Amino acid sequence: KEWFRNHYGAANATLVVAGDVRAGEVREKVERYFGHIPPGAPRARHGAWVPRHSGERRQVMQDRVPQPRIYKVWNLPPYGTVEAAHLSLAVSILAGYPGSRLRKKLVLEDRTATEARAVFEAREIVGQAKLIITALRSSDLPAVEGVVNREIARLAADGPTGAELEAAKTRSRADLLRGMERVGGFEGKSDLLARGQVMFGDPNRPAAIRRWVEAASAEDVQDAVRRWMTDGSYVLEVQPFPDHEAASASIDRSRLPPVGPIPDAPLAAPERAKLSNGLNVVLARRTSVPLVDMTLVLDAGFAADAPDAPGV
């Protein structure tokens, strides 16, 4: 309840009315049905914050899956920036459509993977790009990852071809239009308008992003890859659980196994001495490790304690 009271005020919300409506009527009805809702407390907003890493960070896990998989992730600029628009094209060129580099190389040509896909998540504070490669169980996973790294390095060094860039732009344009066929729902008209208004105070920001994507050059994509995807990656390697099987039982566990004859312990005879104060010393030699263990035994104990001073 406290969370809703703090964050779900009218001043922290955006209402989008989309469809075959008349603006004047919509404004009057919105005022009537929503105007009485309290504005709520002012909320602090976080600006863009992209955690930049150097080097590669790796983890390995096992799961109940039939095939191994590699996740390769980068932190990127947030939604609504020119760099994010260029990077969305780069990620698509790598694994965003059927003819993309990694799908063509790993799935169709080498046949070392059954899946190569990309996920580009542009958020308000930070974005992320993920390459997800599902390899055959018989494949050499480091070799598969090596192909991924080489294609990223090649894209950073040479940039995309004209055909690759046009294919990525076409895929981006098609995804946008398919979303805009819907009035509501994710990527629908109302969702795009709300996103621009909430994040930038500009419901037309998605149109600006669309223009940045269409105007991107091969050099723009190459430069974005070089600055954001050649360092600072996180790699998660998911391996199937190994196939372990117990051997078939060959003994009768209802009976204890026979002990057999007990052998004599080959212990060296103890060496004895007596100190000048009468203390007897017994030395038993063991040569397996270079340690000395000493125990002092006194002819007294709990039975000899005074009742008023136990533990002495």
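Ile-93, Leu-94 and Ala-95 in helix 3 meet Arg-101, Leu-102 and Arg-103 in helix 4; contact here means heavy atoms within 4.5 Å. That contact divides into 4 nonpolar, no polar and 2 charged residues. Ala, Val, Leu, Ile, Met, Phe, Trp, Tyr, Cys and Pro count as nonpolar, Asp, Glu, Lys and Arg as charged, and the others, Gly among them, as polar.

The model is predicted: local features need pLDDT of at least 70, side-chain atom pairs count only at pLDDT 80 or more, and totals for chains, interfaces and linings use all residues. Numbering runs from 1 along each chain as its sequence is written, and side-chain values use heavy atoms, with hydrogens and water left out.

**Helix packing**

Helix 4 covers residues 101-109. Helices (H or I, at least four residues) and strands (E, at least two) are DSSP runs, numbered from the N terminus. The axes of helix 3 and helix 4 come within 3 Å and cross at roughly 20 degrees. Axes are lines fitted to C-alpha atoms, for helices over the stretch in contact, and angles run from 0 to 180 degrees between N-to-C directions. Helix 3 and helix 4 are therefore roughly parallel (under 35 degrees; over 145 is roughly antiparallel, 65 to 115 roughly perpendicular, and the rest oblique).

Helix 3 also packs on helix 8, at an angle of about 55 degrees and with the axes 9 Å apart. That makes helix 3 oblique to helix 8. From helix 3, Val-82, Ala-85, His-86, Ser-88 and Leu-89 meet Ile-209, Trp-212 and Val-213 of helix 8. This contact holds 6 nonpolar, 2 polar and no charged residues.

**Pockets**

A pocket is an open set of points on a 1 Å grid over the protein atoms alone, where a 1.4 Å probe fits, with protein on both sides within 12 Å along at least five of seven lines; lining residues have an atom within 4 Å of a point. Grid points are joined across faces, edges and corners, and a volume is the space filled by probe spheres set on the points.

| Pocket | Volume | Lining by class |
|---|---|---|
| Largest | about 1,000 Å³ | 17 nonpolar, 7 polar, 10 charged residues |

The largest pocket has 34 lining residues; Ser-88, Phe-120, Ser-172, Asp-175 and Glu-187 lie nearest its centre. Elements giving two or more residues to this lining include helix 3 (82-95) and helix 8 (205-215). Helix 6 gives the most, with 7 residues.
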